[in-house]
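This briefing is meant to be read alongside the sequence and the coordinates. It begins with the chain as a whole and then turns to particular residues, grouped by topic.

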Amino acid sequence: MKRFWVIIILTASMGFAATKHTVPIDLWFVYRDGCPACAQMKARLENPSVAKVLKRSYRIHMLNSRDLDQLPSQLPRTHLTPTLYFVDSHGRQLVPLIHNITTLDFWKTLKRAEDKRNKR
């Protein structure tokens, strides 16, 4: 039950933060075909409640790990999947490289990326 309320509070605060900034955060999702954790992360990104929040503040880029040359040059390369990069409009990473994480940690990371963007 506590986890439910934490997610609700984080979602509400992210909705408020999204109204303050119009410049979206680029969220690069690097996946690998046949990776179960990547499929889980993709499902998380496509979840209607998550997609609603992401649509307000993020541009989602899904990139197969075979195509890492399409990743912006200033981002570190890794072959670990799934990997999430949160990048501001200047190409700077907002949070450290994220690999497979829980749903609650995912919401916290979204909030942290928005908070850091709002401070810049």
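Among contacts in the protein chain between residues at least 6 apart in sequence, what percentage join residues at least 24 apart? In this predicted model, the share of such contacts that join residues at least 24 apart is 65%. The protein chain holds 4 helices and 3 strands, and from the N terminus on these elements follow the order α-β-α-α-β-β-α.

**Burial and surface**

- The protein chain has 120 residues, of which 43% count as buried.
- Its accessible surface comes to about 6900 Å², and carbon and sulfur atoms account for 58% of that area.

**The largest nonpolar core**

- The largest nonpolar core is made up of 19 residues, and those with the most contacts inside it are Tyr58, Leu84, Phe86 and Phe106.
- Two or more residues of this core are given by each of β1 (25-31), α2 (36-46), α3 (48-57), β3 and α4 (103-119), and the largest share, 4 residues, comes from α4.
- A second, separate core has 8 residues, and Val30, Leu68, Leu75 and Val87 are included in it.

**Aromatic pairing and the surroundings of Phe86**

- A search of the whole structure finds 2 aromatic pairs; in one of them, the ring centres of Tyr58 and Phe86 are 6.2 Å apart and the ring planes stand at 75 degrees, so this pair is edge-to-face.
- Tyr58 and Phe86 are both buried.
- When residues up to four places away in sequence are not counted, Phe86 touches Ile25, Asp26, Leu27, Tyr58, Arg92, Gln93, Leu94, Val95, Ile98, Thr109, Leu110 and Ala113.

**Helix α4**

- Helix α4 has 17 residues, which at 1.5 Å a residue should span 24 Å, and the distance of 25 Å between its end C-alpha atoms agrees with that expectation.
- The buried residues in α4 include Leu104, Phe106, Trp107, Leu110 and Ala113, and also Thr109, Lys111, Glu114 and Arg117.

**Loop residues and what lies across from them**

- Val23 has its place in the loop between α1 (2-20) and β1, where a relative accessible area of 37% makes this residue partly exposed.
- Leaving aside neighbours within four places in sequence, Val23 is in contact with Ser89 and Arg117; the C-alpha atoms of Val23 and Arg117 are 9.1 Å apart in space, although the two residues are 94 residues apart in sequence.
- Asp88 is found in the loop between β3 and α4, and this residue is buried, with a relative accessible area of 5%.
- From C-alpha to C-alpha, Asp88 and Lys116 are 9.2 Å apart in space, while in sequence they are 28 residues apart.
- Leu80 lies in the loop between β2 and β3 and counts as exposed, because its relative accessibility is 52% and the cut-off for exposed residues is over 50%.
- Leu80 and Ser65 are 15 residues apart in sequence, and their C-alpha atoms are 8.5 Å apart in space.

**A cis peptide bond**

- The peptide bond from Thr81 to Pro82 is cis, with omega near -5 degrees.
- Pro82 is found in the loop between β2 (58-64) and β3 (83-87).

**Helix α2: Glu46**

- Glu46 is found in helix α2 and counts as partly exposed at 48% relative accessibility.
- Not counting residues up to four places away in sequence, Glu46 touches Ala51 and Met62.

**Cysteines**

- The structure holds 0 disulfides, a disulfide being a covalent bond between the sulfur atoms of two cysteines.
- Cys35 counts as buried at 6% relative accessibility, and Cys38 is likewise buried, with a relative accessible area of 3%.

Technical notes: Residues are numbered from 1 along each chain as its sequence is written. This is a predicted model: local features need pLDDT of at least 70, side-chain atom pairs count only at pLDDT 80 or more; totals for chains, interfaces and linings use all residues. Side-chain values use heavy atoms; hydrogens and water are left out. Buried means under 20% relative accessible area, exposed over 50%, partly exposed in between (1.4 Å probe, protein chains only). Contact means heavy atoms within 4.5 Å. Accessible areas come from the Shrake-Rupley method with a 1.4 Å probe; for residues, only the protein chains shown count as cover. Rings of Phe, Tyr and Trp (its six-membered ring) pair if their centres lie within 6.5 Å; planes under 30 degrees apart count as stacked, over 60 as edge-to-face and the rest as tilted. A disulfide is a pair of cysteine sulfur atoms within 2.5 Å. A nonpolar core is a set of buried Ala, Val, Leu, Ile, Met, Phe, Trp, Tyr and Cys residues joined through side-chain atoms within 4.5 Å. The expected span of a helix is 1.5 Å times one less than its number of residues.
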